[in-house]
Amino acid sequence: MPERVAQRAYERHSVSAEGCWISSYSVGSHGYAQVGWTDRTTGKTNTVLAHRASWTHVHGQVPYGMTLDHICKQRLCVNPDHLRLMSNFENARRTSGLDWPIGVCKHGHPASEMRYRGNGQAKDGTQRFKAVCRLCNRQWQRDYRARKQIRKAA
């Protein structure tokens with residue numbers, strides 16, 4: 001992305017009461033603001049998310065395998081102070097509305113307790129994995145056995 005595009009995305013906004021920089025660019029069907037430009041050499045039209053362009057203007061390119069997360073949860077915000085760099089895996093765990101600190105499971109156990117189990121195969125034949133907290137799994141098993149005992153006694 002050209003620096004001129006990144007600078008435009010960084011500068012073209014209005015400030016909300018919460019301190020979010022609300023982009024004045026068009027919004028895609030995904031709910032994020034996007035900025036477009038035409039490549040001067042090829043004439044090809046390109047589009048990038050406005051918050052990624054704003055981040056690039058201040059911090060440089062987003063590394064491969066990483067994504068930007070809106071701390072403010074406002075998809076139109078392009079304020080670099082409201083964005084944090086994280087892995088795609090960490091960002092995906094927030095999609096169900098849960099937001100726990102990075103580096104722990106949703107119940108607060110350290111990430112060192114996470115184990116990865118095979119979870120079937122993807123359509124392309126590659127193995128899928130699911131992250132499971134060992135301590136949470138042990139507690140679930142204890143609770144399950146207790147529920148089973150109660151049903152058996154009834």
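**The pocket and its surroundings**

Helix 3 (88–92), strand 7 (114–121), strand 8 (127–133) and helix 4 each contribute at least two residues to the lining of the largest pocket, where helices (H or I, at least four residues) and strands (E, at least two) are DSSP runs numbered from the N terminus. The model is a predicted one, in which local features need pLDDT of at least 70 and side-chain atom pairs count only at pLDDT 80 or more, while totals for chains, interfaces and linings use all residues. Residues are numbered from 1 along each chain as its sequence is written, and side-chain values use heavy atoms, with hydrogens and water left out.

Rolling a probe the size of a water molecule over the atoms shows where empty space is left. The pocket search works on a 1 Å grid over the protein atoms alone, and a pocket is an open set of points where a 1.4 Å probe fits, with protein on both sides within 12 Å along at least five of seven lines; lining residues have an atom within 4 Å of a point. The largest pocket holds about 550 Å³ of space, a volume being the space filled by probe spheres set on the points, which are joined across faces, edges and corners. Its lining comprises 21 residues, and C105, M114, A131, V132 and C133 are the ones nearest the centre. By class, the lining divides into 12 nonpolar, 5 polar and 4 charged residues, with Ala, Val, Leu, Ile, Met, Phe, Trp, Tyr, Cys and Pro counted as nonpolar, Asp, Glu, Lys and Arg as charged, and the others, Gly among them, as polar.

Among the residues nearest the centre of this pocket is C133, which is found in strand 8. Because its relative accessibility is 6%, C133 counts as buried; here buried means under 20% relative accessible area, exposed over 50%, and partly exposed in between, with a 1.4 Å probe and protein chains only. Not counting residues up to four places away in sequence, C133 touches C105, H109, E113 and M114, contact meaning heavy atoms within 4.5 Å.

E113, one of these partners, is found in the loop between helix 3 and strand 7 and is likewise buried, because its relative accessibility is 14%. The side chain of E113 makes a polar contact with the side chain of R134 at 2.5 Å. A polar contact is a pair of N or O atoms within 3.5 Å; within protein, one must be able to donate a hydrogen and the other to accept it, and residues adjacent in sequence count only if both atoms are side-chain atoms. With neighbours within four places in sequence left aside, E113 is in contact with V132, C133, R134 and L135.

In soluble globular proteins, nonpolar side chains tend to be buried together. The largest nonpolar core here has 7 residues, namely V5, A9, Y25, V35, W37, V48 and A53, such a core being a set of buried Ala, Val, Leu, Ile, Met, Phe, Trp, Tyr and Cys residues joined through side-chain atoms within 4.5 Å. Helix 1 (3–11) and strand 3 (34–38) are the elements that give two or more residues to this core. Apart from neighbours within four places in sequence, A9 is in contact with Y25, V35, A50, A53, S54 and V78.

V78 is placed in the loop between strand 5 and strand 6, and it counts as buried because its relative accessibility is 1%. Its contacts, again without residues up to four places away, include A9, H13, A50, H51 and S54; of these, H13 is 65 residues apart from V78 in sequence but 7.7 Å apart in space, C-alpha to C-alpha.

In helix 2 (residues 50–59), the residues A50, H51, A53, S54, W55 and T56 are buried, and the buried residues of this helix pack against helix 1, strand 2 (21–23), strand 3, strand 4 (45–49), strand 5 (66–70) and strand 6 (83–87). The side chain of T56 reaches the backbone oxygen of R52 at 2.8 Å. Helix 2 is followed by G60, whose phi is positive, near 95°.

**Residues with greater accessibility**

K73 is found in the loop between strand 5 and strand 6 and has a positive phi near 60°, in a residue other than glycine; K73 counts as exposed because its relative accessibility is 52%.
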